[in-house]
Amino acid sequence: MLQKKEKGMFKLNWWKDSVFYQIYPRSFRDHNGDGVGDLKGIIEKLDYLSWLGVDVVWISPFFKSPMKDFGYDISDYKDVDPLFGTLSDFDDLVSEIHLRGMKIIIDQVYNHTSDKHPWFIESRSSLNNPKSDWYIWKDPKPDGSPPNNWVSLFSGEKPLSAWEWDDNRKQYYLHLFGKEQPDLNWRNPEVKSAIFDSIEFWLEHGVDGFRFDAASHYYKDPLFRDALKGPQIKKSLFHSVRDEYYWDRFSARPESLLAAEEIKSFMDSYGEKVSVAEIPADMGLCLYLLFTIPGRFDIAFNIDFMEKLSLNAEKVRELSENVDAFFGERAWPSYVLGNHDNYRIINRLTDGMKVSEDEKKSIAKLMATFLLTIRGTPFIYYGEEIGMEDTDIPYDRIVDPWGKSLWPKKGRDVCRTPMQWNNGENAGFSETTPWLPVNPNKTFVNVEDETKDPNSILNFYRSLLKLRKDHVALRRGTMKFQDVPCGIIFYVRKTSKERVAVLLNFSSAVQCVDLTFDGKVLIGSHKESGEKFRESIELAPFESVVMDVF
Ligand code: GLC
């Protein structure tokens, strides 16, 4: 039985049919009671994920790390940090996930290591040790200043140089992120071979793919020229001085595209695996396409969409129509509402608005409908399915290094707080005080209560996930946007056998939409399944409806 199921899952491009679920392991479930989530905690909750209906579990870093960037600073690529468990716990996790017919992908952070990685310790020890060229070391300018103007991506309102002085070598080393995250030198063949060795290690441990962190930054301008200061490309949510510089010197070097090809062909030798690349949004969709044409990475994580999302139907339609036209048959798009680097979707969408809890619920359902019916692979960030919101973090509990330089603006801790399993102490996440505070709204935003409530956000997600599985049109069908009144998005997904219509009211007003077909509700935030409509349909504020079309 299981065999048959597994066989079916290995069909071509299975990741196009899949829904990914991102787990931030520190915050999912704490099994050993130390206040930090762990791998055994994730195993405990696999039945929940399988009940929910997701296909692929993506686990953010759990490797050995001094945790200066909570795991994105790795000191051993091939071991589990004791905080999260052991390698044998990881093997159990892989088999438990596979047993339930799901898949697992893990993060690979190859732009940089931790400064406590033995490679870096050796590299910084002298000018001529065997690993002296494994990182990017440069002499100072004649006046002692850093070799160029590159700024760390963790800058706040003030620029932080991307170069850190090392007194031992009397040189600067490059760190595009925190100073404890020195950048690897991909131009050194030994470095590359060590990276491929680590990819192989985890493939041998049975993972179904990877999310490649900061994948467009691997190679830098070989001449290390200053980054151009240009017109601002955009103001990101975490707007900081870094946005004022074009990333022309360390984003999307052609060598990084070749690295994508090499990684892809290496992974292909292990059967059909998936590669998801983190590519910055600052250069828009072009970069996504460049990195994901066939033979390179499979999916670019759509940060651009996530960051530009708003409650403006016309803008969102334009955004997704562009994605669809741009990718077309050339590559496969993805859609994302939130991740561990961004504010929670509900907060972003309702920032500055007065909204009731009921409206928030409708908005969460509206976004879920959009995410799970649009053409592309959807990513759900843990807790999104219950409507989790940003948590206020007092200054003395801020732990995110970037969060500290952004203060008084909110940093990334707010979206990384413990998963809300129930209304009990610590929200059922841990038996002890968690590493980040629990959101006080756990009294009504939690898995246990929402499981029992047929109208909850959680049950809505679950029904949508099932609907997506049952309707090939929602996964592989074409998508055509219809012309509609202001504030509405209306598209039809179609295959030769099925037609499914999706109507989304992004406005806070009741709206009436003309229909050119007869439709039957498959799932709706306000309407009963089975209800029939012809000629027109009325939509409540923030209502979403998915209909079968005759
Ligand atoms: C990626 C991760 C982020 C991390 C950074 C450095 O952007 O998503 O969390 O801080 O890379 O590794």
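Reply: A definition comes first: on a 1 Å grid over the protein atoms alone, a cavity is a set of points where a 1.4 Å probe fits but cannot get out, while a pocket is an open set with protein on both sides within 12 Å along at least five of seven lines, and lining residues have an atom within 4 Å of a point. Points are joined across faces, edges and corners, and a volume is the space filled by probe spheres set on them. The model is predicted, so local features need pLDDT of at least 70 and side-chain atom pairs count only at pLDDT 80 or more, whereas totals for chains, interfaces and linings use all residues. Residues are numbered from 1 along each chain as its sequence is written, and side-chain values use heavy atoms, with hydrogens and water left out.

Me: How many cavities of 30 Å³ or more are there?

Reply: The structure holds two of that volume.

Me: Which residues line the second largest cavity?

Reply: Its lining consists of Leu337, Ile345, Ile346, Ala364, Met367, Glu384, Gly387, Met388 and Tyr461. Helix H12 (345-350) and helix H13 (357-373) are the elements that give two or more residues to this lining; helices (H or I, at least four residues) and strands (E, at least two) are DSSP runs, numbered from the N terminus.

Me: What is the lining of that cavity by class?

Reply: Seven residues are nonpolar, one is polar and one is charged. Here Ala, Val, Leu, Ile, Met, Phe, Trp, Tyr, Cys and Pro count as nonpolar, Asp, Glu, Lys and Arg as charged, and the others, Gly among them, as polar.

Me: Turning to the ligand, which residues are closest?

Reply: The ligand is surrounded by 13 residues, the closest being Asp69, Asp213, Glu278, His340 and Asp341; the criterion is a heavy atom within 4 Å. By class, this shell has three nonpolar, three polar and seven charged residues.

Me: What are the distances for Glu278, His340 and Asp341?

Reply: These are polar contacts (pairs of N or O atoms within 3.5 Å). An N or O atom in the side chain of Glu278 is 2.7 Å from a ligand oxygen atom, and for the side chain of His340 the distance is 2.9 Å. A polar side-chain atom of Asp341 lies 2.5 Å from a ligand oxygen atom. The protein covers 96% of the 310 Å² of accessible area that the ligand has on its own, by the Shrake-Rupley method with a 1.4 Å probe.

Me: And the second largest pocket: what is its volume?

Reply: The volume is about 390 Å³. Of its 21 lining residues, Asn13, Trp15, Lys16, Ala331 and Trp332 are the closest to the centre.

Me: Next, the sheets. In what order do the eight strands run?

Reply: The eight strands form an open, parallel sheet in the order S11-S10-S9-S5-S2-S1-S13-S12; two strands pair if DSSP finds at least two bridges between them. Strand S11 (299-300) and strand S12 (334-336) are at the edges with a single partner strand each, so one side of each has no neighbour in the sheet. Three bridges join S12 to strand S13 (residues 377-381) in the parallel sense, and Ser334 is opposite Thr377 in S13.

Me: Lastly, where is Pro408, and is its bond from Trp407 cis or trans?

Reply: Pro408 is in the loop between helix H14 (401-406) and helix H15 (447-452). The bond is cis, with omega near 10°.

Terms used: A polar contact is a pair of N or O atoms within 3.5 Å; within protein, one must be able to donate a hydrogen and the other to accept it, and residues adjacent in sequence count only if both atoms are side-chain atoms.
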